[in-house]
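Hi everyone, thanks for coming.

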Amino acid sequence: MPWLDGETVASIPVAERVDIARDLGAVLAELHRPAPADAPPNDFRGIPLAQREALDRPRLDLLATSEPEVAAVLGAALDAGLVASPWNGPDLWVHGDPHPLNLLTDGHRLTGLIDFGDIGAGDPASDLATAWLSFDEEGRRRFREAYAVSGHLDDPLWARGKGWAAALALAFLTVGGPDGELHDVARHAVRQLA
């Protein structure tokens, strides 16, 4: 996008994203604050994963016909997110789409979070999906440490975030063609979820 300076995190090798992971964890910890009662909901992000099953299960079944191993990985993560305790806190502000193509960097530090078209109020787990969409194990560790200051992080939230990563990877793999940057993000997520 010519109007933006810098590059997206997707252009940085995954192993070199650890500082970006820490930065993003801190940004989301600040963003995930209670939203006012009139904050806009989002029908696709920030909602309980169970409300997406009508979208996710057919995608999982479709993928199982062509890539059963990938479908098994995504299905296991999705199922773990579905059985995790639901969010019982107040609706928080949720970005809705913090994948690597919406993260700007000047090289090895996060300089911007763009595309607030999916912003809404709800469960912050959907934003935590970025831990698997954007980072490797070390990056996830740094992200999680930085995000922990929010006071929201617990095992059920992390499990729901992992389930959201599977749901988004399913969408990226089954909607649209087999090429493109979102497809690459999904393939990375599958490796991280395995």
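Which elements each supply at least two residues of the lining of the largest pocket? Those are α3, residues 68-83, and β5, residues 120-122. Before I go on, keep in mind that this is a predicted model.

So, that largest pocket. Its volume is about 290 Å³. There are 22 residues lining the largest pocket, and the ones nearest its centre are G46, I47, P48, W87 and D123. Sorted by class, the lining of the largest pocket comes out as 13 nonpolar, 5 polar and 4 charged residues.

Okay, on to the second largest pocket, at about 150 Å³. Its lining includes F44, R45, R52 and L55, and also F172 and L182. Here α2 and α7 each give at least two lining residues, and α7 has the largest share, with 3 residues. In the lining of this second largest pocket you'll find 7 nonpolar residues, 3 charged ones and no polar ones.

Helix α2 runs over residues 53-66 and helix α7 over 155-174; their axes come within 10 Å and cross at roughly 60 degrees. With that angle, α2 counts as oblique to α7. The crossing of the two, α2 and α7, is left-handed.

And who touches whom? On the α2 side we have D56, R59, L60, L62 and L63, and they meet A167, L170, A171, L173 and T174 of α7. By class, that α2 and α7 contact has 7 nonpolar, 2 charged and 1 polar residues.

Methods. Residues are numbered from 1 along each chain as its sequence is written. This is a predicted model: local features need pLDDT of at least 70, side-chain atom pairs count only at pLDDT 80 or more; totals for chains, interfaces and linings use all residues. Side-chain values use heavy atoms; hydrogens and water are left out. Axes are lines fitted to C-alpha atoms, for helices over the stretch in contact, and angles run from 0 to 180 degrees between N-to-C directions. Helices (H or I, at least four residues) and strands (E, at least two) are DSSP runs, numbered from the N terminus. Angles under 35 degrees count as roughly parallel, over 145 as roughly antiparallel, 65 to 115 as roughly perpendicular and the rest as oblique. A crossing is left-handed if the near helix is turned anticlockwise from the far one by less than a right angle, and right-handed if clockwise. Contact means heavy atoms within 4.5 Å. Ala, Val, Leu, Ile, Met, Phe, Trp, Tyr, Cys and Pro count as nonpolar, Asp, Glu, Lys and Arg as charged, and the others, Gly among them, as polar. On a 1 Å grid over the protein atoms alone, a cavity is a set of points where a 1.4 Å probe fits but cannot get out, and a pocket is an open set with protein on both sides within 12 Å along at least five of seven lines; lining residues have an atom within 4 Å of a point. Grid points are joined across faces, edges and corners, and a volume is the space filled by probe spheres set on the points.
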